[in-house]
Amino acid sequence: MKKKISRRDFLKLAGASAATGAALTGCGPSSRFVVREPYTQMPEYALIGESTFYATTCRECAAGCGLIVRTFQGRAIKVEGNKNNPVNLGKTCARGQATLQGLYNPDRVTDPLNQGRRKTLGTDGMNWDDAIKVVSDALANTDPAGIGFLLGMAPDHLFDLVSDLTAGIGAPAPVRYGALSAFEARATLVKAAENVLGQSGLPFFDLANAELTFSFGANFLETWLSPVAYTRGFSKMRKQGKRGYLVQFEPRMSQTGAKADEWIPVRPGTEGMVALALGKLIAESKKQTVPRAFVNVDVKAVAKESDVDEEKLHYLADLFADADRALAIPGGAALGQSNGLGTAEAVLALDALANNFGQPGGVFLSPAAPTEDNVHRPASLQEMAVFINKMNTGEIKTLLIHGVNPVFELPKSLGFEAALKNVPLVISFSTFPDETAILSDYIFPDHHGLESWGYQRVATGTSQSTLSGAQPVVSPFYNTQSTADVLLAASAIAGGKLASVLPFKDEVEYIQAQLIPLIENKDANFNAGEINSFSAYFQQFGGWWTNEAALLAPTQNTLNETLSVESPTYEGEGDFFLVPFVSPVLGEAGANKPSLQEVPDPTTTVMWNSWVEINPETAHEFGIKSGDIIKIVSNVGVIETSAYLYPAIRPDTIAIPFGQGHKAYGRYAAGRGVNPFDLLGLKFNAAGDIAFAGMKVQIIKTGKKFELARMESEIGVYGEGLGEE
Amino acid sequence: MAFKNHIEETHGEQHLRQKHLMLDPKPRGEMNAMVMEAMHTTTWKFWVVVALLSAVVLFGLFWSWGILIAEGMGVAGVNRPSYWGIFLVNTVFWIGISHAGTFISAILRVFKAEFRRPFTRAAELMTTFGLIQAGFSIFMHMGRVWRMYWLMPYPNQRLLWPNFHSPLTWDLLAITTYLLSSTMYLYLPLIPDLAMARDRTKGGWQKIFYRVLALGFRGTEGEWKHLRSAMNIFAWAIIPIMFSVHTIVSWDFAVATRPGWNSTIFGPYFIIGALHSGMGAVIMVLAVVRGTMKNMKYFIRPEHFEAIGKLMLIISMGWAYFFFNDFIVQWYGGDKWTQTLLHYHESGPLGYLWFFMLFVNIVIPWSVLWNKRWRSTPWIVFIVGLLINVGMWIERYIIIPISLTINRSPFTWKLYQPGIEIPLGIGTVALFILLYLAASKLIPLIPVWEVQEGQMAHSLKKYGRESVVTVSELE
Amino acid sequence: MKPIDLNIIGAKGAIAEEAEGKWGMAIDEDLCTGCQACVAACAMENNISFVGEEDAAYGRTMHWIRIERFWEGEYPDVRTTSFQPMLCQQCGHAPCEPVCPVFATVHSQADELNLQVYNRCVGTRYCGNNCPYQVRAFNWRDYERPEPLNNQLNPDVTVRQRGVMEKCTFCIQRIHQAEDTAKSEGRELQDGEFDPACAQACPADAIVFGRVDDPDSKVSQLSRQKRGVKHLEDLATLPRITYLKES
């Protein structure tokens, strides 16, 4: 069934899909060489006064949500969710909505720059030929073992291309990293899945069909794994016949905790012990023999250590035992502990106890990605520490960075900034003048995500095996070039082995080559006989995905193996547990978008700044008032920020959002707020993730004051100044 | 014509004449000369004050206003939920001030209160000048003041009219009417005095000024007849206008859905409040005029302060009645938002203002003005008047920005912190004083003919050993 | 729609006709996760200015929709009240309308919406005072939108000048576009054919938009649920938004 679509047919298709609200694209492959032209010469499919819609993928986080971007006379006007994309089914989060303010950000890197590690963004522009020569020389003249690629979290075409490149020339494989992966403790989850579920990979929790959900630190409504998908699941969970019930175990009430029916403020690091205790009690409540996994638990001791009443534990266990479809989710701060891996395993054991593996409302393994079977996960912080060590020892001679801002996104104590000085050549492909780009020798800016081609494997969030597709929705606004194209061109110039490894004319040809294996799978959202039609459809639909759910049922059941969660150990000295969390609004890269800065934080309603959450009782004890600037001292660093008296946090815990505290990254981000990564010491759990929520810190009142910008009224919400106690 | 009693007067009679202007006549020519002299005597201090005030008006009012227009309302302190701030406080305040002018002049004239005669003009000027400040204040407050003419009903091609449902439209019509009628009412009794000034001015631009404004008034019987009937009509007609204006201003608040505003008593409550501040302002003006202008100690005497002091006391009692009436009815109503608001008034961060307002509006007048000696002493009543004005300004501040803090949407409650409103408000005060200063140099501040008329009508007659003040009906 | 007791305001005859309405929303507070996607989507669709930290702290944000939440109880039994998206309720009997001296905020008879006519507004802000929901936003300044951020401006929505009041329009530009499309195709507008930006973005599907005068529409069906309430109903403003409370 070979079907070629003519341009005319293609336009018809485009029109039809516009009417049904489906994805469509105006760009066939032939128009991939995007030229900046005055808009007097409009593409023929653009009609004056009519919007054109393009399907693409959101690059604000690595979830891979599908977008439809409304463009009007060559400008991107509005981002909407792609109703067909199985990840988000037409929905978006706040960060996705604001992505256009990244595209049209006034502080982008406009030209390739000879940055020369200046303190501020350089003005020493280059032309692209010279830039490509620089990359080419770097690739050709460095010993392959000395080439280091540092990429963003998303498993996208650039990662594949760089992987092919490095594999072909014998360089180390590219390292992917993002602060979100550290805060999600992804490595821990993947490792726990390997240990408990029988297969490495990200578990998929069928929240939508669960009757009762125990979430141990998983902030799935905010930033965890695939927030839009999980929010959709949450919505379905609430709407199903018997309204789903959610219990959240975490020391600081997250947005997910705020939506939970019960919030259990456990002491940081004891979540896994609570899970084990619950396991024992649930089995008892069900009048079953307690599986070996839970026999060793001393419920009384757990109650004491976790600060959850024994009575409460019994009540929760009964709740879980009586539920038809019970689900337990490990994630976030619960895993970012010294005992995080044990916690993840203990929580997954609860799922085993609920016998929900592969059942509706239970635990699955995410479907295998369409073009790549191996599970590539972003690097854990321990792996990053190894990488930085390689930089320091001079093993890495040339460092190429794309899609990640490690100076900002890594704990300061890892010393990435200092390590950069030991790398002779650092090339950044950053679209924005972020902290890392500024410290590089060259900045060869990539297009913004909405100006680029690409695809992205969806790691989790949907039951279908999904490859989200990306295409330019507008022509590049500045003198930028696709990093993939730069690498291809540089390889070609370098000749020799480099050229033979990547025999592709350009990025799009590479992407098409990667798509070819998918043509065979006919049980997908579209079918096409040959690659040109296939990739046209791919862009039009905004990706490729299987029609049927491709979830995998866990193969293993570890209930009969003894599980134990050791007591958590905490880095540092002090009276308070520090729980950093990713700002649900800003994420790790939203700080340069002004409208996003002005979107209030869901739980505190703070805008434009950082804050430290302190329980009002504690604050009262220390004489701290709302807006007082507090100095937070850990054993590796000190930060100062305004206090927010947060009623829903343990009195022995303070929390700081991650997302602000930029020193560069444009006018809206720079010099605003603080970065909790400045405080984190280096303690890793068994899976190599940092124990970010297992720090002890000291707080000191500075006597200074800065009132936070809050959406809420302190008078109306907290009765401040109403003369009432 | 009883210029001087030929018979030797007793000590008591002399005392009566000293006390009462009406019984202490002077020859017309001499009196006219006194008024003209008061107008023409200008010391260097006067110019210093004028220079200072002009600077304040220039920078406080016009420069700041320019910034406000160019930058937007953001430079002021208004926010959500206090969409109205000091601008509206000032508007209500100045309209309140303007009330006493008409009250004293028209009501006392209609009721033939004889002590009014020397200061009706000063009071009427206050109406006009106060309304000008009120107008400035309300226009400043508009987000797009350059479109202010859209508030007027004027014929246009698109048949766009103002919304006659809106209290602001009522306001505009009421205030415009009040401004026009009060200016007319100021002008009519001024005509004979302008004619007097014309006849006593040698030349120069002043001569032209007076000649034009005096409309050729010669003092014939026919002219007086027309003038008197016109004044009579205006005096009667302006009283309902006066009452309606402040009632309508109060409706800006009373017809709104806001807790604390939605009160049926607001109409009379605002009127009595206006009179309260207005009387205070009149007494301050008189004290200043008496203290600083030449020959004024003859015209403005303690008896006048004493009489106005009594009125102030009565009005203060009336204000207290309406204030507590409003408070108790709202409190008793039991609406939770209103209760929160009332509680917030006295216990919020600005609760001290609420107590201070009650102190200066009730406690001070009640304790000071009972005493006849004190209320006859210019500097004491000046201070009382000043405090009452401060108190009444605070009252409006409590009604507007402080009450706006509390609404039915507690998520939005925010305190109001004034910004550029402060220089703008000070600018209106300076302009008000400056206009008075200008008026004192241009027109006779004392209605000479009215004083002379009163003096003619009054006499001290002896019935046996009793001296009796008699008044004959002239009009 | 939940019947409104018109006797409480003693104006049965006058208001009954307006009680019906045309467009409306049902917002399920049990589903709303407070994620603020609607806030961002609204700002992007409707060219809403950002005001900066200082003005934002001073209650001058320009959002047309905000998420309200309060706290209940004391630690450890503390919890937030359900997140409540607050936007213009498009009242059938709107307090903002009669107080505007220049008819800048008027009721559209065709759409049964409260319109804000930007180029007629003179900025008296009376409507803002009189709105019991406090959902109106005033342009306190000409907020800067540096180049090239202005490329993103939606051509269907007017950019507002300083001194002008603005508020949620239920994305009237989308309503009209959908109506025009349906009309040109010679058919009736379907329920759910389009959504305002907030409902479109809402990942939890908490916001449902549609015709409240069509008893079969999704929004009408939801609004009829027992847990549906109108916000500040006792003011008889006849809001077009029904909040579905947590059961």
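In the hairpin formed by β2(A) and β3(A), where two residues lie between the strands, Q73(A) takes a positive phi near 50 degrees; helices (H or I, at least four residues) and strands (E, at least two) are DSSP runs, numbered from the N terminus. The structure is a predicted model, in which local features need pLDDT of at least 70 and side-chain atom pairs count only at pLDDT 80 or more, while totals for chains, interfaces and linings use all residues. Residues are numbered from 1 along each chain as its sequence is written, and chains are lettered from A and ligands numbered from 1 in the order in which they are written.

Strand β2 (residues 66–72) of chain A is joined to β1(A) by six bridges, and the two run antiparallel; here F53(A) stands opposite R70(A), and A55(A) has I68(A) as its bridge partner. Six bridges also join β2(A) to β3(A), again antiparallel, and L67(A) stands opposite G81(A) in β3(A).

Confidence was examined next. For the complex, the predictor gives an ipTM of 0.91 and a pTM of 0.91. The mean pLDDT of chain C, where pLDDT is the predictor's confidence in each residue, from 0 to 100, is 90, and 92% of the residues of chain C reach 70 or more. Over residues 6–18 of chain C, however, pLDDT stays under 50, and for this stretch the model has 15 contacts beyond four places in sequence, two residues being in contact if their C-beta atoms, placed from the backbone, lie within 7 Å.

Between chains C and A, the contact takes 43 residues from chain C and 54 residues from chain A. The elements of chain C that each supply at least two residues to the side touching chain A include α2 (37–45), α3 (53–57) and β2 (65–68), and the largest share, seven residues, comes from α2(C). By class, this side of chain C has 26 nonpolar, 10 polar and seven charged residues, where Ala, Val, Leu, Ile, Met, Phe, Trp, Tyr, Cys and Pro count as nonpolar, Asp, Glu, Lys and Arg as charged, and the others, Gly among them, as polar. Between chains B and A, 10 residues of chain B are in contact with eight residues of chain A.

A nonpolar core is a set of buried Ala, Val, Leu, Ile, Met, Phe, Trp, Tyr and Cys residues joined through C-beta atoms within 7 Å; a residue is buried if 20 or more other C-beta atoms lie within 10 Å of its own, exposed if 12 or fewer, and partly exposed in between, with C-beta atoms placed from the backbone. Of the 431 residues in the largest core, V135(A), L278(A), V282(B) and I283(B) touch the most other members.

How values were computed:
Two strands pair if DSSP finds at least two bridges between them.
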